[in-house]
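Me: I would like to learn how to read ring contacts in a protein model. Please take me through them.

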Amino acid sequence: METLSITEEILYDSWKNHKSLGVLKTTGGDDVEILDIGILNTNESGPDFKNSRIRIGNFVFIGDVEIDTSYNDWVNHGHNINNRYNKVILHVSLFNKQKHQHVYTRDGRKIPTLCLYDYLDHGVIDLFTKNSDYNNQLNSYLKCNEAIKYVDDRIKIVTLSELGVERLNKKCERIILRLKELSYLNSLNLNEPVINYQLSPEKIESPLNPTDINDKEIWEQVFYELVFEALGYSKNKIPMLSLAKAADIKFLKVVKSDQIIQMYESILFHVGNLFNDNLKAGSSNLSDYINELVQDWDIARLKFDGQMLDDIEWHFLKLRPQNFPTIRIAGGARFLDSLINNNLLDVIIRKIKEIHNIEVLINSIRNLFVIKADGYWKNHFVFEKPIKSEIKYFIGAQRADEIIINVILPFFTVYFDLFNLPQYSKKLLQMYNIFTQKAENKIVTDVAKNLRMEQYLEKTIITQGMIELFRSYCSKNRCSECKIGEEAFNKE
């Protein structure tokens, strides 16, 4: 199917011929003047155009430009966690249905975004969408679809299992990099918060020494960030991660209260800028809970020297109320109580070491993250608007499973490897091999259908391999480097 190649050509040509588009504006309303389109990046990774020069509003920026089909591709393709994209000055996408105004780099810098849809000729858009449904965006169509019948299922299973492990290893590498960053910052003994920083290539490539990460707070901070990111789903993972970095472990440990979970809620809601100015303490119209949150923050903010988030970073639209940031933060506050005050990391380490039955181990760890609803948020989705039916869980079993796959397995694999306890890393790999969960990822369901492997939709290592297959091979036209593609096309 030729639509994917046409997509790239049309978007790049549109950028090169920007003068035909008319007056451009970011989705935030700032004028955009392209002074120099930059140089097309012909390498496999990194932004599409390098060294562009663009006037945005009243300022001229020099840097890179990333061009995607959809606004969501910035996160879907991992640009938000890739240092190669830290110099991007403008994100351009063909579609941006919700008119989001920014994307964020790995170091948290805000990048304006421009949507091409309103500027392109209708004929161009028709060509782009020919033989395709925009809502599907052709995200998971495999070029080997017609030839896949020639590939033995055993080859597919082995390949996907290997890719599942490859995906796990990438998560481990990301954790190691974050440990290096925090270890480096710790060694500086800075008295003021560091907002932006980047490790040198030498630091990135150097091995991580266990003696550099003996500080338990470093491990707690990384774990905190990973869990909050997982609680954010795709819509709010970036602000949840930013929130964990802003209201960090060091700060949370300094704050004391007889109602510590409520104190954590107050801090997270205020630092996250979710606490509306209309919620003023002392008003007769507000609940006691809201007044207490304001009083808690009056105490906590005296010790807070970090950055507050922008309220526009949060997404509520088109989310199930159960997934609203308010509910996830309520669950996150209870997780923090376990992490900071009840030695959660030690509890998990002990379980991994002592529980020999893998199924029992999975259930035992899952139970640590299933958090029942209680208190104010048991019957609210947003502030001061009670709901009729009660919320049962802040974090349910399905989200707990996602935390096991995306956080527990890579995090503790890194931990046991760094402290030379490979027997427990192998145990975690056993967990990964037998873990089952219900897949709700569209990429997974579409790839499984293309591969004729729907019967494996609940086997986690296989579904993770499907995600890796699509993101690292299919979407990058690396068919010749893929064992499945090679087998399919050689036998066709």
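**Aromatic pairs**

Reply: Searching the whole structure gives 31 aromatic pairs. Rings of Phe, Tyr and Trp (its six-membered ring) pair if their centres lie within 6.5 Å; planes under 30 degrees apart are stacked, over 60 edge-to-face, the rest tilted. This is a predicted model: local features need pLDDT of at least 70, side-chain atom pairs count only at pLDDT 80 or more, and totals for chains, interfaces and linings use all residues. Residues are numbered from 1 along each chain as its sequence is written, and side-chain values use heavy atoms, with hydrogens and water left out.

Me: What kind of aromatic pair do tryptophan 219 and tyrosine 415 form?

Reply: Edge-to-face, at 5.2 Å centre to centre with 80° between the planes. Helices are DSSP runs (H or I, at least four residues), numbered from the N terminus. Tryptophan 219 lies in helix α6 (residues 216-231) and tyrosine 415 in helix α14 (residues 397-418), so the pair ties together parts 196 residues apart in sequence.

Me: Is tryptophan 219 buried or exposed?

Reply: Buried means under 20% relative accessible area, exposed over 50%, partly exposed in between (1.4 Å probe, protein chains only). Tryptophan 219 is buried, at 4%. Tryptophan 219 also forms a tilted pair with phenylalanine 419: 6.0 Å centre to centre, 45° between the planes. Phenylalanine 419 is partly exposed, at 26%.

Me: Which cluster do the ring pairs build?

Reply: Ring pairs link residues including Trp219, Phe223, Tyr415, Phe416 and Phe419 into a cluster.

How values were computed:
Helix = DSSP H or I, 4+ residues; strand = E, 2+ residues; numbered from the N terminus.
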